[in-house]
Amino acid sequence: MSSRIKSPQQLLAESGADLEGHGLRRTMGLFQLVCFGVGAIVGTGIFVGLSGSVAEAGPAVVLSFVLAAITCVFTAFSFAELGGAIPVSGSSYSFAYASLGERAAFLVGWCLLLEYGVSVSAVAVGWSQYVDELLESLTGLRLPAALTAGPAEGGVVNLPAVVVIALAAGLLVRGVRESARATAAMAVLKIGILLVFCAVGFSAFRAGHLSPFAGHGVAGITAGASVAFFSYIGFDAITTAGEEVRDPRRNVPLAILICIGIVTLLYGAVALSAIGALGADAVAGQPAALSLVVDRVTGSSTGGGIIAFGAVVAIASVVLAVMYGQTRILLSMSRDGLVPRVFERVSPRSATPVANTWIVAAVFAVPAAFAPLDVVVDLTTIGTLAVMAVVNLAVIVLRRRHPGLKRSFRVPLFPLSPLLGIGFCLYLMVGTGWTTWVQFAVFLAAGALLYAVYGRRHSRLAVTAPGDGAARAPRGA
């Protein structure tokens with residue numbers, strides 16, 4: 001393990017602490033931050049991915065969502081404590097830097113690139129599916145197959161997926177205030193549409209559709225939770241806004257906890273109403289399951305069109321929020337010298353990392369346009385769970401090393417909560433299967449090699465303190 005560790009105080013000082021940090025402006029309040037969190041979470045996972053969870057767990061998918069939520073709650077406590085204590089753009093990457101050292105931080109950033117990159121690309125592909133669904137509902141026409149799928153799926157390029165990524169990048173470079181307003185509007189709209197869906201689904205609810213409830217047993221619930229966990233990916237993006245939020249020590253922890261509560265209730269209600277209306281077999285394997293439920297219940301394609309419109313809005317907001325998070329993490333890594341300096345340049349006019357944003361958009365657009373992403377969803381899940389386990393561990397380490405650090409929120413039942421968070425993360429990681437573990441090991445090895453070749457040599461700590469031991473931060477507040 002690298003002994004280069006940055007103290008929380010050093011991270012805060014370099015970012016601008018509670019002032020306007022590194023050219024960024026504090027423009028988001030609590031409401032906008034909550035909407036940003038909901039915007040980052042609620043999207044493809046529920047509009048497209050619900051069917052995958054149902055296929056694994058059957059009617060017990062509700063328990064799968066609860067199990068995934070429990071994992072997130074324990075981890076959310078840890079994110080809330082660290083996000084309030086170290087409100088910087090680097091999120092999990094910075095938390096690892098302050099607790100476990102530079103190499104671990106780099107690998108966390110490497111995993112976050114996978115998490116955000118694959119999730120944005122997968123979300124963009126889901127957006128393409130619902131755009132096609134909406135177009136058919138409104139006009140009776142569909143986009144050409146060649147322009148809605150990559151070569152592996154019989155098409156040429158997934159053009160709508162590229163378009164939504166480009167639109168999100170264009171909005172992000174205009175400014176955080178504009179992006180936050182757009183995300184807030186989209187979050188309110190998609191919550192409203194999902195509540196309407198629940199009302200429609202429960203109007204046709206049949207208790208018999210829930211039997212047998214757990215036909216696949218505990219293994220099915222666990223496998224369903226591993227799939228359902230993908231639906232929660234994104235809440236950690238809230239902490240990436242640490243340098244652009246007003247009163248971050250209060251608002252970051254509050255926003256995380258509020259978002260997890262809202263999303264868990266919403267997911268449970270949607271899953272229960274969908275299965276209660278049609279049954280698990282009818283929902284499983286359907287890429288546009290929510291539209292299907294509404295069409296079947298109402299006997300009209302109009303309702304499905306409304307759901308498709310909601311999905312188009314919802315998924316676009318996820319692309320916007322998650323791309324925002326990725327650019328801020330790269331900004332922090334660039335500030336530390338671990339990735340090229342182009343990623344830390346902030347436009348004085350818009351107070352946004354313009355070049356960073358367009359590079360991220362270009363990189364994410366390539367797999368969205370051409371590559372089949374279903375083969376790496378499990379890899380994304382295991383990488384995200386590993387990052388969350390590290391965040392739980394970081395809370396324990398920083399409590400010991402920096403007991404006097406100002407914390408606006410403290411993890412309850414410490415150290416039991418973070419230990420349970422680590423345990424649940426490992427439990428869900430096991431559910432991804434051994435082939436995913438092999439892929440993850442290869443991915444981590446590639447990240448370690450990249451750190452050795454570039455990151456370690458260009459690190460700002462290497463420049464300021466050539467001896468690793470000299471770079472270690474002193475303990476204490």
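I am reading a predicted model, in which local features need pLDDT of at least 70, side-chain atom pairs count only at pLDDT 80 or more, and totals for chains, interfaces and linings use all residues. I also note that residues are numbered from 1 along each chain as its sequence is written, and that side-chain values use heavy atoms, with hydrogens and water left out.

I then checked the partner of Arg 399 and found a salt bridge to the side chain of Glu 81 at 2.9 Å, N to O, the term standing for a side-chain nitrogen of Lys or Arg within 4 Å of a carboxyl oxygen of Asp or Glu. This pair links distant parts of the chain, with Glu 81 in helix α5 (residues 61-85) and Arg 399 in helix α16 (residues 377-401), 318 residues apart; helices (H or I, at least four residues) are DSSP runs, numbered from the N terminus. Glu 81 counts as buried, at 1% relative accessibility.

I found that Glu 81 also forms a salt bridge with Arg 407, the closest N and O atoms being 3.1 Å apart. Arg 407 lies in the loop between α16 and α17 (416-430), 326 residues from Glu 81, and is buried, with a relative accessible area of 12%. I therefore record Glu 81, Arg 399 and Arg 407 as linked in a network of salt bridges.

Arg 341 is exposed at 57% relative accessible area, whereas Glu 344 counts as buried at 10%. I noted seven salt bridges in the structure.

Definitions and conventions: Helix = DSSP H or I, 4+ residues; strand = E, 2+ residues; numbered from the N terminus. Buried < 20%, exposed > 50% of the residue type's maximum accessible area, 1.4 Å probe, protein only.
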